[in-house]
Amino acid sequence: DGGGCHPRDNIALSWLARKIDLSYDWYESLMTCRENQTDWLAELICDHKEQTGLPVVILGKTFKKETNLTVGSPAVLLDNLLKERSVVAEMYDPWVDDSLPPLQNPAIFFIGTNHDAFLDYKFPSGSVVIDPWGMLGNTVIDDSVELISIGR
């Protein structure tokens, strides 16, 4: 649920639903659900930051994998919600940025876009990795890294 057109279209369809007096505005509910889920993820990150004191790195800026388009990106929404909580996150996207984030020190890594490039990351010992995509499995993370696969 992202990209420049989808949120814009949901806003327009929500307006239309109210204009023609539909019994339920599904489009408004969809937008609210998206924001609530992202807000929950921001809280999860903040809780781990409070527990560990680690910096936050969001891997991915784009609204979907293998593109450089960031408009309507859930990862950018997450970054903004973290800023509202006074948490500054470093963001990196292989389709947008020229260099990798420093991976030498432990951090809270949040996979914001499911780019295939993130499958081969060697996360530093002591890191927390939050994977809402379930793309990492348990095979690429060693025992010194806490993997949180959302919904799994």
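Me: Which are the buried residues of helix H3 (residues 74-84)?

Reply: The model is a predicted one. In helix H3, the buried residues are Ala 75, Leu 78, Asp 79, Leu 81 and Leu 82.

Me: What makes the buried residues of H3 line one face of the helix?

Reply: Viewed along the axis of H3, they fall within an arc of 165 degrees, so they line one face of the helix. As background, an α-helix has 3.6 residues a turn, so residues three or four places apart point the same way.

Me: Why is Thr 113 called buried?

Reply: The criterion for a buried residue is a relative accessible area under 20%. Thr 113 has a relative accessible area of 1%, and is therefore buried. Its place is in the loop between E3 and strand E4 (128-131).

Me: Which residues does Thr 113 touch, not counting residues up to four places away in sequence?

Reply: Thr 113 touches Leu 59, Gly 60, Lys 61, Thr 62, Lys 64, Lys 65, Asp 93, Phe 118 and Trp 133.

Me: Phe 118 is one of these residues. How many aromatic pairs does the structure hold?

Reply: There are five aromatic pairs in the structure.

Me: Why is the pair of Phe 118 and Tyr 121 called edge-to-face?

Reply: Two rings pair if their centres lie within 6.5 Å, and planes over 60 degrees apart count as edge-to-face. The ring centres of Phe 118 and Tyr 121 are 5.3 Å apart and the planes stand at 85 degrees, so the pair is edge-to-face.

Me: What share of the protein chain do buried residues make up, and what share of the accessible surface belongs to carbon and sulfur atoms?

Reply: Of the 152 residues in the protein chain, 40% are buried. The accessible surface comes to about 8,600 Å², and 53% of this surface belongs to carbon and sulfur atoms.

Methods:
Residues numbered from 1 in each chain as written. Predicted model: local features only at pLDDT ≥ 70, side-chain atom pairs only at ≥ 80, totals over all residues. Heavy atoms only, no water. Phe/Tyr/Trp six-rings, centres within 6.5 Å; stacked < 30°, edge-to-face > 60°. Buried < 20%, exposed > 50% of the residue type's maximum accessible area, 1.4 Å probe, protein only. Areas by Shrake-Rupley, 256 points an atom, 1.4 Å probe, with all protein chains shown as cover. Helix = DSSP H or I, 4+ residues; strand = E, 2+ residues; numbered from the N terminus. Arc of directions from axis to C-beta. Contact = heavy atoms within 4.5 Å.
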